[in-house]
Amino acid sequence: MIDVKIEKQIVTGMIMSTEFLEGIVPIFREQLQAPATNKVATWCATYFKQYGQAPKRHIKDIFKQHSKSLPDEDKFLIEEFLDRLSKKFKVSKSFNATYILDIAEEYLRTIALEELHNRLGTAIDNGAVTKGENIIKKFERAARPETKGIDPFSNEAILKAFDDDAGDKLFRFPGVLGDTVGDFEREYLAAFFGIRGTGKTWWLLWTGLLAVFHGYNVVFVSLEMSEKQIVKRIHQYLNAKPTNKPKGRTEIPEFCDEEDEDGEVTTVFKKQRRKQLTMRTAMSKMVDIDESSLIKANFKLITYPSGYASVSDLKAHLHNMEYYEDFVPDVIITDYADKFKPEIDGEMRHKIGSIWKAHKALAQERKCLVLTASQTNTARTGKDIGVGSAAESMEKENEPDILIALNQNPIQKKQGLMRTCLTKHRHNEYDIIKEIYITQCYSIGRPYLDSKVKS
């Protein structure tokens with residue numbers, strides 16, 4: 001049975017992604033059900049076999065070469081599809097190849113089984129038993145090589161594992177913070193740990209905006225703040241202006257060139273005049289942003305009441321966005337995991353643990369970076385966040401690939417300073433003692449201004 005949405009996703013991948021073509025061409029038998037999409041897919045497969053890469057913008061030249069021989073209906077449908085695709089990728093250049101490959105493979109296998117069923121049914125109806133047996137004997141399961149297991153010693157496996165351009169690496173933080181944390185990658189679960197009031201939502205939101213600026217589609221799920229509050233924060237960041245009327249000049253912290261007499265990192269304040277952010281200012285800024293192409297992908301905001309939605313509810317929401325809006329995220333951010341409704345009964349630690357396991361599974365299933373946050377058990381003790389600081393469930397530390405601690409004492413808060421450190425990185429070496437100092441100014445929506453390592 002034809003699924004127009006999936007066929008358009010397949011063709012989009014074949015046009016835009018060499019990685020997608022590498023996976024789909026070995027199992028593509030020109031069997032898409034819609035004539036128009038099947039033609040474009042065949043052109044892309046031919047182009048890949050000849051040049052070893054995706055056609056991308058050259059698809060319009062390929063279309064012109066073949067347009068004269070196309071039926072008018074196919075010509076119209078293909079031209080309309082290519083125009084929409086061109087507009088879409090002016091906004092977002094990202095394509096989640098691995099996730100769509102899984103969908104494409106299942107769809108092509110379904111088509112193959114339907115064709116087998118029809119041919120076998122015809123043979124049985126005609127009493128052609130031998131022919132029916134031969135049909136079954138010749139049937140070959142359409143599956144990508146990696147789904148059958150790989151040889152880790154093969155050149156192909158080695159090249160794929162060490163290929164920095166394979167599409168797994170997404171983006172990183174700026175400055176020494178980025179050098180310390182490294183690249184965020186697909187299938188990672190990353191989390192910020194902090195006590196109440198350290199700005200975890202700001203950090204999640206800033207990371208989501210960085211992803212969009214780098215060209216990756218983002219879903220931001222808020223279970224703590226309203227839609228209005230999140231939208232205001234986004235434009236507060238973009239404009240670097242306070243949402244409340246300032247009483248005087250805004251103090252922007254900067255690192256001092258030297259540490260204080262106790263060897264501590266400290267700041268000085270640069271006073272600047274910042275007007276209050278208004279609706280008119282925010283809308284005017286968006287005109288400038290559109291012209292500068294700062295926003296290179298789509299940002300989707302979802303809000304749920306705290307404890308109302310489960311991760312399964314979020315999965316259903318993501319499926320609907322994919323089916324009805326043709327939106328596939330590269331980054332999924334939840335603010336935050338502990339506020340999801342658990343899907344199992346039992347002790348609180350088991351409920352919380354199941355939510356974090358579901359977050360990790362979501363990263364793996366959707367081939368996305370999943371980012372979240374959590375409060376820690378250090379607020380009463382006044383100690384810094386470190387290994388073992390997770391409250392309620394150890395799954396908070398077991399499941400993530402990256403854990404980033406946000407530490408700040410009252411004096412540093414007045415100085416506009418935050419201390420961050422890695423308490424876990426599953427895939428890279430890390431120094432649990434090494435702290436990165438961050439200057440920040442939440443009044444203008446900036447959780448990060450600059451970063452440095454204590455000398």
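Helices (H or I, at least four residues) and strands (E, at least two) are DSSP runs here, numbered from the N terminus. The model is predicted: local features need pLDDT of at least 70, side-chain atom pairs count only at pLDDT 80 or more, and totals for chains, interfaces and linings use all residues. Residue numbers start from 1 along each chain as its sequence is written, and side-chain values use heavy atoms, with hydrogens and water left out.

**Whole chain**

The chain holds 16 helices and 13 strands, and its C-alpha trace spans about 90 × 50 × 45 Å along the principal axes. Of its 455 residues, 48% count as buried (under 20% relative accessible area; exposed is over 50%, partly exposed in between; 1.4 Å probe, protein chains only). The chain exposes about 24,400 Å², with 50% of that supplied by carbon and sulfur atoms (Shrake-Rupley method, 1.4 Å probe; for residues, only the protein chains shown count as cover).

**Helices 1 and 3**

Select residues 4-16, helix 1, and residues 35-51, helix 3. The two pack at an angle of about 25°, with their axes 9 Å apart (axes are lines fitted to C-alpha atoms, for helices over the stretch in contact; angles run from 0 to 180 degrees between N-to-C directions). Helix 1 and helix 3 are therefore roughly parallel (angles under 35 degrees; over 145 is roughly antiparallel, 65 to 115 roughly perpendicular, the rest oblique).

Now show side chains. Glu7, Val11, Met14 and Ile15 of helix 1 meet Thr37, Val40, Ala41, Cys44 and Ala45 of helix 3 (contact means heavy atoms within 4.5 Å). These residues divide into seven nonpolar, one polar and one charged (Ala, Val, Leu, Ile, Met, Phe, Trp, Tyr, Cys and Pro count as nonpolar; Asp, Glu, Lys and Arg as charged; the others, Gly among them, as polar).

**Backbone exceptions**

Most residues other than glycine have a negative phi, and most peptide bonds are trans.

Phi of Ala240 is near 55°, a positive value in a residue other than glycine. Ala240 is buried, at 11% relative accessible area.

Move to Ser293, in the loop between helix 12 (279-292) and strand 7 (299-303). Ser293 has a positive phi too, near 60°. Its relative accessibility is 43%, so Ser293 counts as partly exposed.

Finish at Tyr336, in the loop between strand 8 (331-335) and helix 14 (348-366). The peptide bond from Asp335 to Tyr336 is cis, with omega near -5°.
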